[in-house]
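Q: Can you walk me through this one? I have the sequence and the structure open.

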Amino acid sequence: MKKVYIVLILTFLTQLPYIKTFAQKSKRISGESHIKIEINQSRLEAEKVAVEQAIVDALTEAFGQYVEYKTDTRIESEQVDFKLYGGTKVKGEWIRTVDGPVFSYDLEGAETWITCKIKGIVRGISAKTNVLVEVLSSPEKVNRKEKFKNNENMYLYVKSPSDGYLSVFLDDGETVYRLLPYSKMGSIKSVKIKGDQEYILFSQDIDNFNVRADKIQLFTKKDYESNTVVVVFSEKEFPKPLLNEEEMDDNIGLIIPRSLSKKKFEEWLGDNRAADEKFLDIEKRVIIEKE
């Protein structure tokens, strides 16, 4: 299993209870997808895509897809009124899963296909802050990257049109690691960022928050692994999830960041989406290849 490493280790953990009910306009719907497992996909990766497509199926049926008319002029708005799932823009938002996902597999000739069925709580999309996020291979914002080699450093570029609160996680499909706030920030819930200001995260040469950044290295024991960087933002402060403490990997002398299970992370996201219609979670794919 892949691990994400940070350079420094520190102490405190707290958890604030946070339970909210759903807005009245939310409703329960179901979706289904049927996709082929590609040769270079693991079962875990195929299931992730199948879940995304089942969610798109449910939201499209309930609210419709986002129709975009392109012109020669690029317009960047401070807010967006769609949600992106697996590259598809839809006019609704998946709040939380209440049943499933349930997977089944079929052989069709030489191909393996996966069917996913899922039920969840959804609502129509409300305008959200249009936060720009890019995964980088160096502290230069032009060096965007999706594929990384073992032990390669990862950086993140973030810019928001408005002031707000930010947190960053990395999801390996089973465990979710919190990368921001940095370890030296202790038990704070999130970091405050300013509108229209550019941030390069995880560079120890850039002082964004009056504390030295954690250095992030990506590592896998597999030949190929697909992970997801999840950037969480809201104009209102939000609670942090309950996290496991950092751990030392004695084999290579690096630190594994604070973490929680993927199931608990999804529950935490669902609580925040339900409580705050402006709550935003942005996903960026990261591929790690073993040399």
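**Strands, helices and cores**

A: In strand E7, the bridge partner of Leu107 is Thr112. Keep in mind that this is a predicted model.

Q: How many bridges join E6 to E7, and how do the two strands run?
A: There are 13 bridges between E6 and E7 (residues 111–124), and the two strands run antiparallel.

Q: What order do the strands have in that open sheet?
A: The order is E2-E7-E6, three strands with antiparallel pairing. E2 (27–36) and E6 (92–108) each have a single partner strand, so one side of each has no neighbour in the sheet. From one strand to the next, the twist averages 15°.

Q: Which strands does H1 lie across?
A: H1 lies across E2, E6 and E7, and it runs at about 135° to E2. Helix H2 (residues 262–275) lies across E6 and E7, at about 140° to E6.

Q: Back to H1. What span should its 21 residues have?
A: At 1.5 Å a residue, the 21 residues of H1 (residues 43–63) should span 30 Å. The end C-alpha atoms of H1 are 30 Å apart, which agrees.

Q: Which residues in H1 are buried?
A: Among them are Ala46, Ala50, Val51, Ala54, Ile55, Val56, Ala58 and Leu59. Glu45, Glu47 and Glu52 are buried as well.

Q: What comes just after H1?
A: Gly64, which takes a positive phi of about 90°.

Q: New topic. How many residues does the largest nonpolar core have?
A: That core has 37 residues. Those with the most contacts inside it are Met154, Leu156, Leu201, Phe202 and Phe209. Elements that give two or more residues to it include E12 (155–159), E13 (164–171), E18 (224–234) and E22 (280–289).

Q: What does Met154 touch?
A: Leaving out residues up to four places away in sequence, its contacts include Val135, Phe148, Leu170, Phe202, Ile216 and Val286. Another core, of 18 residues, lies apart from the largest one. Val51, Val56, Ala58 and Ile118 are among its residues.

Q: What share of contacts with a separation of 6 or more is between residues 24 or more positions apart?
A: Such residues account for 76% of those contacts in the protein chain.

Definitions and conventions
Residues numbered from 1 in each chain as written. Predicted model: local features only at pLDDT ≥ 70, side-chain atom pairs only at ≥ 80, totals over all residues. Heavy atoms only, no water. Helix = DSSP H or I, 4+ residues; strand = E, 2+ residues; numbered from the N terminus. Expected span 1.5 Å × (residues − 1). Buried < 20%, exposed > 50% of the residue type's maximum accessible area, 1.4 Å probe, protein only. Contact = heavy atoms within 4.5 Å. Pairing = 2+ DSSP bridges. Axes fitted to C-alpha atoms, helices over the stretch in contact; angles between N-to-C directions. Core = buried A, V, L, I, M, F, W, Y, C linked by side-chain atoms within 4.5 Å.
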